[in-house]
Amino acid sequence: MAFRWYQAKLKSSPLLTQSVTTAVLFATGDTMAQQGVERRGFANQDWARTGRMAFYGGCIFGPAATTWFGFLQRKVVIPGRPNLEIVARVALDQTVFASTNLFVFLSTMAVLEGTDPREKLKSTYATALQKNWMVWPAVQFTNFKFVPLDQRVLVVNVISLGWNCYLSYLNTQSGVATAVTEKNPTFPPDA
């Protein structure tokens, strides 16, 4: 019943539905990072941080991903070569969208936190992009091959619970990440 309601909302208001869903799941990923990874306890939950993640998910990532997936569906078409078409979409997604999204995410978080975006990017971008390429190409290949267009952002959002947990953790570790990465190249841990 709830899934049918969600599907109806996707059809009637796709951008709004994807944006609200993304905001909720970004906030959930941050809460998972604070409670499951950092073990802060709910009394010490940083609600401003959770709000920043929800803002980014709902106002930036949700609309951008919805628009991007529609663009890929319409513009990256290779007739008679469905698997090559999917590989081309994944390649574009990972080189154009993922790299840009990580840049925008880290920069936005720095601005919202009142810190220097250049320092945040310098200390975390390369690590985040490397980890991204370890997870997302396989997810996106499966997503583009088997999932209908109107549900692709939802699939990304569900998988992103773990990814957003990682990004939230990475975002708060930017000063620590540079020093530790030099000693241990797998820091922060794979999501």
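Helices are taken here as DSSP runs of H or I spanning at least four residues and are numbered from the N terminus. In the predicted model, E85 and R89 both belong to helix 4, where they are four residues apart, about one turn of the helix. These two residues form a salt bridge whose closest N and O atoms are 3.2 Å apart, and both E85 and R89 are buried.

The protein chain as a whole contains seven helices and zero strands, giving the pattern α-α-α-α-α-α-α along the sequence. Its radius of gyration is 17 Å, close to the 16 Å that the globule rule gives for 191 residues, so the chain is as compact as a globular protein of that length. The C-alpha trace spans about 50 × 35 × 25 Å along its principal axes. Of the 191 residues, 46% count as buried. The chain exposes about 9800 Å², of which carbon and sulfur atoms supply 67%. Among contacts between residues at least 6 apart in sequence, 67% join residues at least 24 apart.

The largest nonpolar core comprises 28 residues, and F61, F69, F105 and L167 have the most contacts inside it. At least two residues of this core come from each of helix 3 (47-75), helix 4 (82-113), helix 5 (117-146) and helix 6 (152-172). When neighbours within four places in sequence are left aside, L167 is in contact with L102, F105 and A128.

Seven salt bridges were counted in the model. One of them joins D150 to K11, with the closest N and O atoms 3.3 Å apart. Because D150 lies in the loop between helix 5 and helix 6 and K11 in helix 1 (residues 2-12), this pair ties together parts that are 139 residues apart in sequence. D150 is partly exposed, at 24% relative accessibility, whereas K11 is exposed, with a relative accessible area of 63%. A further salt bridge links the side chains of R118 and D116 (3.5 Å, N to O). Here R118 counts as exposed at 64% relative accessibility, while D116, at 29%, counts as partly exposed.

A network of salt bridges links D30, E38, R40 and R49. R49 is located in helix 3; its relative accessibility is 6%, under the 20% limit, and the residue therefore counts as buried. The side chain of R49 makes a polar contact of 2.7 Å with the side chain of E38. Beyond its neighbours within four places in sequence, R49 is in contact with D30, A33, Q34, E38, R40, S168, Y169 and T172.

Technical notes. Residues are numbered from 1 along each chain as its sequence is written. This is a predicted model: local features need pLDDT of at least 70, side-chain atom pairs count only at pLDDT 80 or more; totals for chains, interfaces and linings use all residues. Side-chain values use heavy atoms; hydrogens and water are left out. A nonpolar core is a set of buried Ala, Val, Leu, Ile, Met, Phe, Trp, Tyr and Cys residues joined through side-chain atoms within 4.5 Å. Buried means under 20% relative accessible area, exposed over 50%, partly exposed in between (1.4 Å probe, protein chains only). Contact means heavy atoms within 4.5 Å. A polar contact is a pair of N or O atoms within 3.5 Å; within protein, one must be able to donate a hydrogen and the other to accept it, and residues adjacent in sequence count only if both atoms are side-chain atoms. The radius of gyration is taken over C-alpha atoms; the globule rule is 2.2 Å times the number of residues to the power 0.38. Accessible areas come from the Shrake-Rupley method with a 1.4 Å probe; for residues, only the protein chains shown count as cover. A salt bridge is a side-chain nitrogen of Lys or Arg within 4 Å of a carboxyl oxygen of Asp or Glu.
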